[in-house]
Amino acid sequence: MAGVKKLITEHIDVWTSAIKKRNATGRGSNKKIELTGIKKLRELILELAVRGKLVSQDDSDEPASVLLETIAEEKAQLIANKKIKKQKPLPVITDEEKPFELPSGWQWCRLGYFAEIKGGKRLPKGHTLSSTKTDHAYIRVTDMKNGSVNLNGLQYLSSDTQALISQYTISNKDLYITIAGTIGEIGSVPDELNGVNLTENAAKIVFGKIELLWLKQSLSSNFAMNQFMDKMNQLAQPKLALHRILSSVVALPPLTEQHRIVAKVDELMALCDQLEQQTEQSLTAHQTLVEVLLASLTSDTSTDANNKANFQTSWQRIAEHFDVLFTTEASIEQLKQTILQLAVMGKLVPQNPNDEPASVLLGKIVKEKAQLIADKKIKKQKPLPAITDEEKPFELPKGWDWSRLPDIGELARGKSKHRPRNDPSLYINGEIKLIQTGDVARSNGIIKTHTALYNDAGLAQSRLWNKGTMCITIAANIADTGILGFDACFPDSVVGFSPFQNEMNVKYFEYFIRTAKSNLEAFAPATAQKNINLEILGQLLVPLPPLNELNAIVKKIDGLMALCEQLKARLADAQTTQLHLADAVVENALNDQSLNESNDRQGLS
């Protein structure tokens, strides 16, 4: 197998570096990461197997044409003995259906030349499945995983139900193929499930004289899957017709070569498993290292000189290896979160002893708040409880002070009094923007989208908040934040916050809520739809720096976040390049005639 091994080893970096976000769960994943390069390598191995490029051909092998003649003779005898029905003739294979040249001894044929397709059966009306184990398992599409059947979570039939559909079973000598929902998944049945019933959303492929694992591998290839997708009914609920499966074209090797292909595919897939495991372990170790190093920056919450020295040592250690530490999206996101945490701990910008302390700033806010209450612009609130030392999560630098959001600015829920909320009379000819929790969740800091437009009637039952108001979601997505990029209304699932002092940059508080989000989520009750209330937000402790430092912190964070986004953009570009490179390697391998020559010279079996 020198040719294929060389293909794998020479491009090892391509296979292990081509990574992207994973959209769904599945094999070849590391948390939210899909190891796309290794996935493409698996597909390439199957495609090379289908094309006869994986193992060498042996002139002494009985050709596939003889195998097909034997199958045809046996089928004719079964028809003569009335054990099976005569099928309609399958169409002749056209040149357009032969996308590549076959090796010596191989034969183009349709699946129906050597196999039958039989559908499963829907449960009879009034009959149900149960998790209580009986002698009659019922395999559903959801049980069909990774080319086999997942034994966990199987559902079972009663004896009465099974008697009504007893002929719709599948054996361990058959293959299943999913025909609805998930289309074209191929797999075999474990020995312990031999003879169980099969869902109507799948069919069984019954055959003889053919190596089962070879057919499973062949039908799992992109060559076969593309045919299934082309043949699928274009309906609202797509379904793969059984006669379409029978007409699928197969490149059939000699039987002895089928055995060699199966052994080689298994060997190479085991190599892919090793690559996958090593890559996942490397990614996990990398992320753990990043988390440990970044945690060393925030773990010591004191402000003494010894802590500052430790901080400098920890930061120096990170800075020296910055280019190898922050090479994944997860590590960059962790860096962003650490920047925010350092900011609210007073470790991001130096303190200026000449700055007016936060305590003086809070005193000015108290007077301003009293004037607003006297002018009836805001309502008088219940006094907030005094902050105890036990509540303080870390020590603040000199000049900082602990406070609560209602002490710093107006904190209030949005309004949407009218029911139903989608009453058209609130929106006809509307021009006043209305945002919802989704607009906040996808804002990335600044809210630029709106869900609907209120008219005057809509505004009358709501409230208009000024541009620059910080919004916090308290239902659906908990504690997502964003700052209004325009004047807007929002419902009571969103809380608005505006500092009493206009000189205070509201972005500081938006950044702070991001650091406190996990704690806020912990306050949400364990209900179907989590939510927190205004009181919980009002009790939240806020580390308040002097005004000058607050604005300097925001400026520093903005600059560092921009750098992080540049890192992410470069990473995305690099990942895209790796994905394109993996595609190119696959394409070149499929078109490389020298691979066959290498196989013939060196022997892959």
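**Exercise 1. A residue in a loop**

Where is Thr132 found? State also whether Thr132 is buried or exposed.

*Solution.* The structure is a predicted model. Step 1: Thr132 is placed in the loop that runs between strand 5 (115-119) and strand 6 (137-139). Step 2: the relative accessible area of Thr132 is 52%. Exposed requires a value over 50%, so Thr132 is exposed. Step 3: from Thr132 to Glu503 the C-alpha to C-alpha separation is 66 Å, and the two residues are 371 residues apart in sequence.

**Exercise 2. An aromatic pair**

Classify the pair formed by Phe100 and Phe223, and determine which parts of the chain the pair ties together.

*Solution.* Step 1: nine aromatic pairs are found in a search of the whole structure. In the pair of Phe100 and Phe223, the ring centres are 5.4 Å apart and the planes make an angle of 65°. Step 2: rings count as a pair if their centres lie within 6.5 Å, and an angle over 60 degrees counts as edge-to-face. The pair of Phe100 and Phe223 is therefore edge-to-face. Step 3: Phe100 belongs to the loop between helix 4 (64-80) and strand 4 (107-110), whereas Phe223 belongs to helix 7 (residues 222-231); the pair therefore ties together parts that are 123 residues apart in sequence. Step 4: Phe100 and Phe223 are both buried. Step 5: ring pairs also bring in Trp108, giving a cluster of Phe100, Trp108 and Phe223.

**Exercise 3. Charges over rings**

Which rings have the charged ends of Lys433 and Arg463 over them?

*Solution.* Step 1: Lys433 places its charged end over the ring of Phe486, 4.4 Å from the ring centre. Step 2: Arg463 places its charged end over the ring of Trp465, 3.6 Å from the ring centre.

**Exercise 4. A pocket and a cavity**

Describe the lining of the largest pocket and that of the largest cavity.

*Solution.* Step 1: the volume of the largest pocket is about 1700 Å³. The pocket is lined by 48 residues, of which Lys21, Glu329, Ala330, Glu333 and Gln334 are the closest to its centre. Step 2: by type, the pocket lining comprises 15 nonpolar, 18 polar and 15 charged residues. Step 3: one cavity of 30 Å³ or more is present, and the space in the largest cavity is about 30 Å³. The lining of the largest cavity is made up of Ala49, Val50, Trp214, Gln217, Ser218 and Ile261. Step 4: helix 3 (36-50) and helix 6 (212-219) are the elements that give two or more residues to this lining. Helix 6 gives the most, with three residues. Step 5: the cavity lining has four nonpolar residues, two polar residues and no charged residue.

**Exercise 5. Backbone angles**

Describe phi and accessibility for Lys82, then phi and accessibility for Ala479.

*Solution.* Step 1: most residues other than glycine have a negative phi. Step 2: Lys82 has a positive phi, near 60°. Lys82 is in the loop between helix 4 and strand 4 and, at 75% relative accessibility, counts as exposed. Step 3: Ala479 has a positive phi of about 60°. Ala479 lies in the loop between strand 21 (470-473) and strand 22 (481-484) and, at 2% relative accessibility, counts as buried.

How values were computed
Residues are numbered from 1 along each chain as its sequence is written. This is a predicted model: local features need pLDDT of at least 70, side-chain atom pairs count only at pLDDT 80 or more; totals for chains, interfaces and linings use all residues. Side-chain values use heavy atoms; hydrogens and water are left out. Rings of Phe, Tyr and Trp (its six-membered ring) pair if their centres lie within 6.5 Å; planes under 30 degrees apart count as stacked, over 60 as edge-to-face and the rest as tilted. Helices (H or I, at least four residues) and strands (E, at least two) are DSSP runs, numbered from the N terminus. Buried means under 20% relative accessible area, exposed over 50%, partly exposed in between (1.4 Å probe, protein chains only). A charge sits over a ring if NZ of Lys or CZ of Arg is within 6 Å of the ring centre and within 35 degrees of the ring normal. On a 1 Å grid over the protein atoms alone, a cavity is a set of points where a 1.4 Å probe fits but cannot get out, and a pocket is an open set with protein on both sides within 12 Å along at least five of seven lines; lining residues have an atom within 4 Å of a point. Grid points are joined across faces, edges and corners, and a volume is the space filled by probe spheres set on the points. Ala, Val, Leu, Ile, Met, Phe, Trp, Tyr, Cys and Pro count as nonpolar, Asp, Glu, Lys and Arg as charged, and the others, Gly among them, as polar.
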